[in-house]
Amino acid sequence: MALTLYVDTARWRAHHKHVQEQFPGLVPVCKGNGYGFGHERLSEEATRLGSDLLAVGTTYEAARIKDFFSGDLLVLTPYRRGEEPVPLPDRVVRSVSSIDGVYGLVGARVVIEVMSSMKRHGISEQDLPQLHQAIENVRLEGFAIHLPLDRTDGSDAVEEVIGWMDRLRAARLPLHTMFVSHLKADELARLQQQFPQTRFRARIGTRLWLGDHEATQYRGAVLDVTRVAKGDRFGYRQQKAASDGFLVVVAGGTSHGVGLEAPKALHGVMPRAKGVARAGLATVNRNLSPFVWDGKQRWFAEPPHMQVSILFVPSDAAEPKVGDELVAHLRHTTTQFDRIVDR
């Protein structure tokens with residue numbers, strides 16, 4: 001009995017091909033938990049796509065993924081002097097976001113990140129005059145810009161990239177390749193048309209692997225079902241059942257990421273109101289689980305355990321049976337499945 005990730009493989013791969021057609025020169029991203037699929041699986045899928053370059057999050061990920069992917073690897077986390085050295089092959093390309101970082105990677109293959117409106121990391125316009133000398137001792141693979149997802153100020157992503165292209169060109173720096181993130185297909189096409197001598201390569205993870213929500217589904221298997229009456233005590237904390245119903249033990253607990261949730265940016269009155277309501281219910285131990293049964297998302301009977309969750313299903317719903325599977329609405333980037341099944 002397991003928490004299973006089911007994949008409609010043909011549909012999933014068709015989506016990959018569609019994204020690849022929209023973004024010529026696509027660089028797939030495989031970082032963190034491999035977007036819920038794991039590093040080995042996404043490395044295989046990148047190879048299937050014919051990718052020559054795979055982007056990873058850290059040097060530690062590169063050290064693992066190098067055994068699964070035979071092409072070049074681009075480490076997205078910028079190099080910093082004093083970081084723990086990790087043995088890596090020459091096919092690994094390092095990101096750099098400072099002049100000092102460039103000087104610290106003599107002989108290495110590097111991509112230089114410029115500071116975008118994200119204001120996360122990157123070289124500034126004031127750094128450009130110093131880059132000429134700094135890049136003499138590295139193998140420059142190109143420049144990169146990481147853009148924000150939302151533009152609440154109405155600014156234009158393409159114009160932001162163009163601004164940096166103009167600055168780099170004015171500084172007489174090589175512009176053979178520019179790596180970009182979070183651009184739409186038509187925006188990438190506009191840039192390629194305006195700068196035909198530069199190859200624009202989109203680094204894409206979420207849109208590539210998770211863009212078709214109907215291609216994947218998590219399900220947790222029912223391990224046990226126990227009928228309870230109103231007032232019966234149960235669980236670690238011996239709480240009382242609020243009404244007649246069933247305690248349903250389902251595969252999927254904290255070790256799988258069940259019950260964990262990344263903070264979300266809320267926009268608008270209704271999402272904020274729902275957030276307040278959920279927080280209020282949590283104070284009285286009412287927490288909605290990600291598991292669905294009989295057409296409804298069911299409540300946790302108590303906080304999820306390490307490998308299972310206990311749900312409360314009221315008596316007016318169909319009784320689950322051992323071996324049934326409950327669909328689970330889980331975030332791929334925080335979930336660890338027991339098994340994956342291709343269909």
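A cavity, on a 1 Å grid over the protein atoms alone, is a set of points where a 1.4 Å probe fits but cannot get out. This is a predicted model, in which local features need pLDDT of at least 70 and side-chain atom pairs count only at pLDDT 80 or more, while totals for chains, interfaces and linings use all residues. Residues are numbered from 1 along each chain as its sequence is written, and side-chain values use heavy atoms, leaving out hydrogens and water.

View 1. Welcome to the cavities: the structure holds 2 of 30 Å³ or more, a volume being the space filled by probe spheres set on the grid points, which are joined across faces, edges and corners.

**View 2. The largest nonpolar core.** Such a core is a set of buried Ala, Val, Leu, Ile, Met, Phe, Trp, Tyr and Cys residues joined through side-chain atoms within 4.5 Å, with buried meaning under 20% relative accessible area (1.4 Å probe, protein chains only). Of its 89 residues, Phe37, Ile112, Leu131, Phe143 and Phe200 touch the most other members. Helix H6 (residues 157–170) gives the largest share, 7 residues; helices are DSSP runs (H or I) of at least four residues, strands (E) of at least two, numbered from the N terminus.

**View 3. The open sheet.** Here 8 strands with parallel pairing follow the order S2-S9-S8-S7-S6-S5-S4-S3; strands pair if DSSP finds at least two bridges between them. At the edges are S2 (27–28) and S3 (53–56), each pairing on one side only.

How values were computed. Buried means under 20% relative accessible area, exposed over 50%, partly exposed in between (1.4 Å probe, protein chains only). On a 1 Å grid over the protein atoms alone, a cavity is a set of points where a 1.4 Å probe fits but cannot get out, and a pocket is an open set with protein on both sides within 12 Å along at least five of seven lines; lining residues have an atom within 4 Å of a point.
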